[in-house]
Amino acid sequence: MSDKTVRQLAEVVKIPLERLLEQLKEAGLSASSPDDVISEDEKMQLLGHLRKRHGKPEDNTAGSPRRVTLERRKVTEIKQATAPGNSAKTISVEVRKKKTFIKRPEHKEAEVPKVVQQPALIETVAAPLLPVVEAVLPEQVGAAGSEPAQEAVVAVVETLTEPVPEPVVELVNEPVSIPEVETVTTKTAQDKPKAKPDHAPKAKGVDAARPVAAVDADLIDDNDPEDKFATIKIKDDKKVKQDKPIKAKESDEVRKKQQEKERRLEESIKKNAEKVRQQAAAKQQELYKKKQEEGAAAPARTSSGKDNKKGKKKGKQSPRVAMPSENRHQFEMPVAPIVKEVTIPEMIIVSDLAQKMSVKAALVIKHLMKLGIMATINQSIDQETAVILVEDMGHKPIMQSDDDLEQEMLAEVLMEDNRVELPRAPIVTIMGHVDHGKTSLLDYIRKTRVAAGEAGGITQHIGAYQVKTDHGAVTFLDTPGHAAFTAMRARGADVTDVVIVVVAADDGVMPQTKEAVEHARAANVPIIVAMNKIDKPEANPDKVMQELSTINVLAEEWGGDVQFLKISAKTGAGIDDLIEALIVQTEILELKAPVEGAASGIVIESRLDKGRGAVATVLIQKGTLENGQMVLCGHEYGRVRAMFNENGKAIKEAGPSVPVEILGLSGTPFAGDEFLVVQNERVAKDLAKHREDRKKFSRQAAQQASKLDEVFSRMTAGELASVNLVIKTDVQGSLEALRGSLVALSNDEVEVKVIFGGVGGINEGDVNLALASGAILIGFNVRADATSRRLIEEKGVDLHYYSVIYDAIDEVKKSISGMLAPEIREHIVGLAEVRDVFRSPKFGAIAGCMVIDGFVKRNLPIRVLRENVVIFEGQLESLRRFKDDASEVKMGMECGIGVKNYNDVQAGDQIEVFERTEVKRVL
Ligand SMILES: Nc1nc2c(ncn2[C@@H]2O[C@H](COP(=O)(O)OP(=O)(O)OP(=O)(O)O)[C@@H](O)[C@H]2O)c(=O)[nH]1
């Protein structure tokens, strides 16, 4: 190799001239300018220095033999059909081969003098090492002294080769020359042309111009760190086959031996596979025999599913056991109809129903037509129809209510609730007549308790707030009036623990005061009466107590169980006592809730905020809600993006009885909707959709639910035992009259209940109450206001207006009469005497009769009497006059009677024909 200048060398090794100069300087060489010539000795010195710097001995001429290990793993699959009807078995056969080639140093290549080889390596293969290593790992190389460079290189190579899935063939190369050369060659496969021909054998096992990703370098010899660079795994056995040059280097003898070994191995694989196959076939045969023996008593089934009537013919046929050896999957036609259990939700689409029964939709449509229902494939049918249809088609229907379905879905996200319960704050609603001071009371409490505690907070009306007292916290629902209360109840959300009924002491009990009491009672919630405006001189608390006693709200001091407190929302007098009374009431109620675990509760209100999207105020009832959790609110869901308390302060978590405003829902849920934290987003999504769909159906159903004319059908379905009424009248007198007359219509079977009776127009509260209790609204000389009219229309509440009391009574009476189970009366229409009995193989027993009374009608029920004792009740199968079918045979005529499902008719028996009629009952 000729000497080169520094510049030339820098070009060859492809590193910046400055860097090479620096390295030369570090190596203590004299060359300091680009044009200085570097001798071979100097190059060696530089290499020695670099090796030293990378933590390797300068001399690396170990003459260890070169070892090439080929490992091959072959996985083959044998498909084996098992007994008829069973699915095929797959047997995996894995064969592992390992070959090691040892290349002794006596080979020419190994004998190449070190002195000659090394400079060549610097120029050809080692050269690319430097820029690559230094470029890829500047820090490691930069801090050369501290970190062993080879580790870094291994790291690089490992990173580069990560995508390789699984080692198939491993080639271990321990070259005589500098090991890292080969590692680098692996990385810089593109540089291959630069490799000198005399290094080709070494390089081939390694670079073979294959993409870096297909090569995996790994440490295999833990004892020698240098080998980290020399260890390369090659992933593709095919490619290894191409790498024949390596083998070409092997002695012919070794190669032959290897080939022989390979051949033997291949043979043994084949043999093994064959053996496994034979074993499987034998096992299968055995199984089949066993089955045949078992089924010997029962009629054997043929492949066509028919009974083995053609047994003789079959005798000639080869046994079926021969078939499985062909690895064919057998299809067996069912010999009996398959009865499926078909779950039917409240509404089901025709195509879904067909799918559940594994039949074509056209068949379902056909059956529906037979039932007189014209439906399309995408049309949904109700549960009742579906049940009839499923039975008709020979399957077993299982009715599933939407609640069941929802519970099933919820079960996935809900766990058994056996959490420890701790006392919680009571939830209070304030109700009362207009202008009696509800808002003033709420505001006063809020101002004095909340604002004082949270100085600087911006008070927000989020629908509820919590106040701290010396005896614990109290949560107030900040939606005064019974409208919100009943709206929530209408959704089945009884959140309130205590109701404060505000009565202005200067005004006394007013219609809405009574309403408030009725609502609280309907919800079974304890009442505390706050006699407000006590600061006014005309205040008369005694009058309030007295008036309330008339509607059964008795003060404790009067022997009742209701706490009465005198307060002034203006001056604040008595408000502390009121809160204390609340605490006392709470203690009686022993309110508890689990604090730990997933939160659940009720939506108080929701709105769509321009900037923040859907905002919902939820009241936590159980557990603790945390930011970032996935929640399901009615038919909406989402991850809680942020939470705020009533002061607009962002909070991270909220426990039981705490109202909190949450952001992040997909839409605005309804007040009264239940909310819960779900871990599973998919279930949340599915449930939200299911509820949305259900809402559509229930809207239609609700329109039916409380209709006066629906009452009867609901009664017969066993759903109803009472008729609930909400009555509003123009004057108190007519209210009492109506209430009295309507309640008096109750009887043993039906109870008429007046849920609420009041004076004045029908308002939203009345509609909500009617909705919540499934009541019928009656307006006597009063009308519904605009808001309630909208609600009535939307919810389909049954509203009736009357102006004559008797009309109202009559209509309710009629409806209740309809609810009374009709009376069934029987009437004997004819009697025939059996004179003789003929038996025919086609028709069974035919009784030759003489009609001795009335007439015999073909489709009427009959009884067979023997000596005036009923021995059979059923229907006629046939009625004939001579040879013709007859629909009716009159007295004095002879006829032939066939009794359905009864063949034991004897001469002398009588056949009684009767008729059943339903007689409506009236009150
Ligand atoms: N003197 C006196 N006036 C009061 C008191 N409480 C409320 N008021 C006054 O009564 C009026 C009605 O009070 P609100 O708090 O608006 O009554 P409300 O029951 O919320 O009325 P609606 O919201 O219309 O149902 C207001 O003018 C209050 O200032 C009180 O304790 N003393």
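## Helices α16 and α17

Helix α16 (residues 361-370) packs against helix α17 (residues 383-392) at an angle of about 110°, and their axes are 10 Å apart. Helices are DSSP runs of H or I with at least four residues, strands are runs of E with at least two, and both are numbered from the N terminus. Axes are lines fitted to C-alpha atoms, for helices over the stretch in contact, and angles run from 0 to 180 degrees between N-to-C directions. The two helices, α16 and α17, are therefore roughly perpendicular to each other. Angles of 65 to 115 degrees count as roughly perpendicular, those under 35 as roughly parallel, those over 145 as roughly antiparallel, and the rest as oblique.

On the α16 side the contact is made by Val364, His367 and Leu368, and on the α17 side by Thr385, Leu389 and Asp392. Contact means heavy atoms within 4.5 Å. The residues of this contact of α16 with α17 divide into three nonpolar, two polar and one charged. Here Ala, Val, Leu, Ile, Met, Phe, Trp, Tyr, Cys and Pro count as nonpolar, Asp, Glu, Lys and Arg as charged, and the others, Gly among them, as polar.

## Basis of the model

This is a predicted model, in which local features need pLDDT of at least 70, side-chain atom pairs count only at pLDDT 80 or more, and totals for chains, interfaces and linings use all residues. Residues are numbered from 1 along each chain as its sequence is written, and side-chain values use heavy atoms, with hydrogens and water left out.

## Two further helix pairs

Helix α2 (residues 17-26) and helix α3 (residues 40-53) have axes 9 Å apart and pack at an angle of about 85°. Accordingly, α2 and α3 are roughly perpendicular to each other. Leu20, Gln23, Leu24 and Glu26 of α2 meet Leu46, His49, Leu50 and Arg53 of α3. By class, the contact of α2 with α3 has four nonpolar, two polar and two charged residues.

Helix α27 (residues 764-772) packs with helix α28 (residues 786-795) at an angle of about 25°, with axes 8 Å apart. The pair α27 and α28 is therefore roughly parallel. Glu764, Val767, Asn768 and Leu771 of α27 make the contact with Thr787, Ser788, Leu791, Ile792 and Lys795 of α28. Four nonpolar, three polar and two charged residues form the contact of α27 with α28.

## Around the ligand

Of the 15 residues around the ligand, those that come nearest are Lys438, Thr439, Ser440, Asp535 and Ala569. A residue is near a molecule if one of its heavy atoms lies within 4 Å of it. Helix α19 (residues 438-453) gives the most to this shell, with three residues. The shell residues comprise two nonpolar, seven polar and six charged.

An N or O atom in the side chain of Ser440 is 2.5 Å from an oxygen atom of the ligand. For Asp535, a polar side-chain atom lies 2.7 Å from a ligand nitrogen atom.

## Gly844

Gly844 is placed in strand β34 (residues 844-857). Gly844 and Asn901 are 57 residues apart in sequence and, C-alpha to C-alpha, 9.5 Å apart in space. Leaving aside neighbours within four places in sequence, Gly844 is in contact with Phe838, Arg839 and Asn903.

Terms used:
Polar contact = N/O pair within 3.5 Å; in protein donor to acceptor, adjacent residues only side chain to side chain.
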